[in-house]
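Me: I've got a model open and would like a close look at a single part of it. Could you walk me through that part and then set it in its surroundings?

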Amino acid sequence: MKLPRFFSVIGAKLHIIMISTCAILLPTSGWLLIGKQLRVNASIWDYVHVYLGTITAILGLCFVLKCCIKGGWRQFFPWLVLDLSQFLADVKGLFKAQLPSSGGKGLLSIIEGIGLLLLAGVCISGLMWVLTQGDMEALTWRKYHVTLAEYFVTFVAVHMVLALVHVIEMIKNS
């Protein structure tokens, strides 16, 4: 009985958990000296990044799945079923100085979908780096991980600006 409750509590808090762990992992990633495996004299930041990153990667993939189950993928990836009407309406609205609406299948949801894809890529490449530690293949996964993480940082910045715009819009409309 406790196990399902634990998962429902974690599931409800995945977004805030991802924000919290990424707030540690992203800014400290520049302090790392990791190649194909952890060094014998690795720093505390190397260990924190690998172990917290592994936990975050697993939870990140759970977050992506949570967003996409029960038809949620249609909100973030409407282009997969060629449902672009709200996206096009949002783009037209931008030319009229109107903010895109949040939710639905519009521009903001598609941007969030790109973020979900980037998050999945960062998680998978990080996990693959951990699983292949010591092999030369680990360097390839590390390269993918670093590149995807750089794109993810850009997404996070865009996501923060859009969230701020949404909050301002809510305040104006209240």
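Reply: A quick word on the ground rules. This is a predicted model, so local features need pLDDT of at least 70 and side-chain atom pairs count only at pLDDT 80 or more, while totals for chains, interfaces and linings use all residues. Residues are numbered from 1 along each chain as its sequence is written, and side-chain values use heavy atoms, with hydrogens and water left out.

Now the pair. Helix α6 covers residues 107–131 and helix α7 residues 137–173; their axes come within 8 Å and cross at roughly 155 degrees. The axes are lines fitted to C-alpha atoms over the stretch in contact, and angles run from 0 to 180 degrees between N-to-C directions. As for handedness, the crossing of α6 and α7 is left-handed, meaning the near helix is turned anticlockwise from the far one by less than a right angle. By class, the contact between α6 and α7 takes in 17 nonpolar, 6 polar and 2 charged residues; Asp, Glu, Lys and Arg count as charged, Ala, Val, Leu, Ile, Met, Phe, Trp, Tyr, Cys and Pro as nonpolar, and the others, Gly among them, as polar.

Stepping back, the chain has 7 helices and 0 strands (DSSP runs, H or I of at least four residues for helices, E of at least two for strands, numbered from the N terminus). Of its 174 residues, 30% are buried, that is, under 20% relative accessible area, with exposed being over 50% and partly exposed in between (1.4 Å probe, protein chains only).

Thr56, in helix α3 (residues 44–68), is one of the buried ones, at 6% relative accessible area. Beyond its neighbours within four places in sequence, Thr56 is in contact with Met18, Thr21, Leu25 and Cys123 (heavy atoms within 4.5 Å).

Most residues other than glycine have a negative phi. Lys70, in the loop between α3 and α4 (73–76), has a positive phi of about 55 degrees although not a glycine, and Lys70 is exposed at 84% relative accessibility. Leu82 has a positive phi of about 55 degrees too, sits in the loop between α4 and α5 (85–95), and counts as exposed at 72%.
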